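Please examine the model shown below.

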Amino acid sequence: MSLVEIIFWFLSGLALISAIMVLLSKNPVHSVLWLIAVFFAISGHYILLNAQFLAIVNLIVYAGAIMVLFLFVIMLMNQNAETEPRSKSTWIKLAGAIAGGCLLIVVVAAVRDSENLIQNIGGKAYAKTAVTTHGEIGLIENLGRVLFTQYVVPFEISSVLFLSAMVGAVVIGKKD
Amino acid sequence: MNIDWILVLEKFILIAVVVFASLGIAMYETWGERKIAAILQDRRGPNRAGPFGLFQPLADGLKLFMKEEIIPNSSNKFLFVLGPSLAMMAAMMTSAVIPWGGTITVFDRQVSLQIADVNIGVLYIFAVVSLGVYGIMIGGWASNNKFSLMAALRAASQAISYELAMGLSLIALLFMSGSLSMRQIVENQMAGDWGGFLGWNFLYQPLGFLIFLVAAFAECNRTPFDLPEAENELNFGYHQEYSSMKLGFYLFAEYINMFISSVIMATLFFGGYDMPFFNEAAHADWGNWLALIGTVALMAKVLFFIFLFMWVRWTIPRFRYDQLMDLGWKKLVPLALANMLITGAVVLWLESK
């Protein structure tokens, strides 16, 4: 096994175990902390794919900002077993199972599809989904160039979306 | 599996040196703080332990270690210990991307005095700074004490607010340098006239530097932004339940943060390991001495900033919480945005000329 493979399996195991612990933890604060561990593992995967910019932005945005806000809310609400609503109706459980199943199908289909994507680097065939240490699209120069030329319209539209979310938060947060 | 073991050993030694140097400097920062406080208040300060009280930090450390270790019964034990550890770890991790000097030659081997020259150095610092909040929040929450929790939230919201202004002030700098690598930023500055002095970024980004400085004070929880640990009127803060060395870790992390942010300011705005009025490129044959001069220059700049931190602490009173939020969101963020726009416009104009 090469070093990259060892790291890959370690990070995958860490990500899966942490993700399962997010669901199994009784305490919501622990769930959030496990979720942060998941983000760290995923950032490790990004680094393996030579996408350092994505790795660090994943940490800054998700682990550093969004999860802190999650913690804020959860710590202030002080949720525990007594305050948790006990009776979840069967219909909600059924709907959840169906939605989760649909997501699983999509994920399996995507993984299945990716086997056909082969690209040629230096005379060797690599699967397009896992170009470890060769890919360059995740480096900041390339990503920036693609975002601001090829995908500039979706990029600007998503920033308008963020702006509207911000305005909405200010409106809700205003007194009276 | 082929691993360059010499490289691993080299990095390991470098990491050990940087970590121990940071710890040692943080230790003597506590001594320096008390001496400077004493001078500013016309007192003598610590003068009993050793010459000039130089052994005072050792005595303080010993005292903290010997004190009783108390973990509250109703606290979350694991997270209670994790909190100060995280604070300490986040404080130490930033040093990985800082260039401490040029390149030295050891046994015919070029050794760069930087642990990792990644092409996202500045962003890495931001990631670590934003993770530093967790040490505070986890510690405050795990204490299972309402006052600790409120103080932790107070501290975390302060840190998040000022991170924003800090990031925006740096974007203008990155427009000019065109690179996120710390070494590249330093080398750009060294290329200026007067032995590099005219290349220093603070000459071109005075407003950006001022915003960064204020934000750094707030991130380190230093006066006038030390509400998270205001012991006299706000009930001490998130480390209220901590005792012994776990409290020591929180306090120590603050001093390490102070050191590291001084290094970052010196690196980003004041030329890093560039000696002013001295052309490094012309003396390339000096070898290791040149690297040493660079490191000494960096440390001199760092000492000045550490002194500034302490000077401000013993001069200016603390902000009220609403004033703090006002300054962060209504003054620094718009100023940083304006600075960013102006810099961007000027850079574009210069490029089109």
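The questions and answers below concern a predicted model.

Q: Which residues touch the most other members of the largest nonpolar core?
A: The largest nonpolar core holds 116 residues. In soluble globular proteins, nonpolar side chains tend to be buried together. Within this core, the residues that touch the most other members are Val122(B), Met137(B) and Leu268(B).

Q: Leaving aside neighbours within four places in sequence, which residues is Leu268(B) in contact with?
A: Leu268(B) is one of the residues that touch the most other members of the largest nonpolar core. With its neighbours within four places in sequence left aside, Leu268(B) is in contact with Val122(B), Leu170(B), Leu173(B), Met182(B), Ile185(B), Gln189(B), Asn201(B) and Phe212(B).

Q: How many Å² do chain B and chain A bury between them, and what percentage of it is on carbon and sulfur atoms?
A: The size of an interface is often given as the accessible area lost when the parts come together. The contact takes 22 residues from chain B and 25 residues from chain A. Between them, chain B and chain A bury about 2,100 Å², and the part of it on carbon and sulfur atoms is 82%.

Q: How many salt bridges and how many residue pairs in polar contact are found between chain B and chain A?
A: For salt bridges across the interface of chain B and chain A, the rule finds zero. For polar contact between chain B and chain A, the count is two residue pairs, both at pLDDT 80 or more. The values are therefore zero salt bridges and two residue pairs in polar contact.

Q: Which helix of chain B gives the most to the side of chain B that touches chain A?
A: Two residue pairs are in polar contact between chain B and chain A. Helix 4 (121–142) and helix 5 (146–177) of chain B each supply at least two residues of the side of chain B that touches chain A. That side divides into 18 nonpolar, four polar and no charged residues. With 11 residues, the element that gives the most is helix 4 of chain B.

Q: Which residues have backbone oxygens that lie 2.7 Å and 3.2 Å from a polar atom of the side chain of Ser261(B)?
A: Ser261(B) lies in helix 9 (residues 244–269) of chain B, and its relative accessibility of 9% is under 20%, so Ser261(B) counts as buried. Not counting residues up to four places away in sequence, Ser261(B) touches Ala216(B), Cys220(B) and Phe309(B). The backbone oxygen at 2.7 Å belongs to Asn257(B), and the one at 3.2 Å belongs to Met258(B).

Q: How many residues apart in sequence are the parts tied together by Glu33(B) and Arg313(B)?
A: Glu33(B) counts as buried at 2% relative accessibility, whereas Arg313(B) is partly exposed at 25%. The closest N and O atoms of their salt bridge are 3.3 Å apart. Glu33(B) lies in helix 1 of chain B and Arg313(B) in helix 10 (residues 288–313) of chain B, so the separation of the parts in sequence is 280 residues.

Q: Where does Arg222(B), the salt-bridge partner of Glu33(B), lie?
A: The side chains of Glu33(B) and Arg222(B) meet in a salt bridge with an N to O distance of 2.7 Å. The two residues are 189 residues apart, with Glu33(B) in helix 1 (residues 5–40) of chain B. Both Glu33(B) and Arg222(B) are buried. The place of Arg222(B) is the loop between helix 8 (206–219) and helix 9 of chain B.

Q: What is the value of phi near which Asn221(B) lies?
A: Most residues other than glycine have a negative phi, and most peptide bonds are trans. Asn221(B) lies in the loop between helix 8 and helix 9 of chain B and is buried, with a relative accessible area of 8%. Its phi is positive, near 55 degrees.

Definitions and conventions: Residues numbered from 1 in each chain as written. Chains lettered and ligands numbered in written order. Predicted model: local features only at pLDDT ≥ 70, side-chain atom pairs only at ≥ 80, totals over all residues. Heavy atoms only, no water. Core = buried A, V, L, I, M, F, W, Y, C linked by side-chain atoms within 4.5 Å. Buried < 20%, exposed > 50% of the residue type's maximum accessible area, 1.4 Å probe, protein only. Contact = heavy atoms within 4.5 Å. Buried area = accessible area lost by both parts, 1.4 Å probe. Salt bridge = Lys/Arg side-chain N within 4 Å of Asp/Glu carboxyl O. Polar contact = N/O pair within 3.5 Å; in protein donor to acceptor, adjacent residues only side chain to side chain. Helix = DSSP H or I, 4+ residues; strand = E, 2+ residues; numbered from the N terminus. Nonpolar A, V, L, I, M, F, W, Y, C, P; charged D, E, K, R; others polar.
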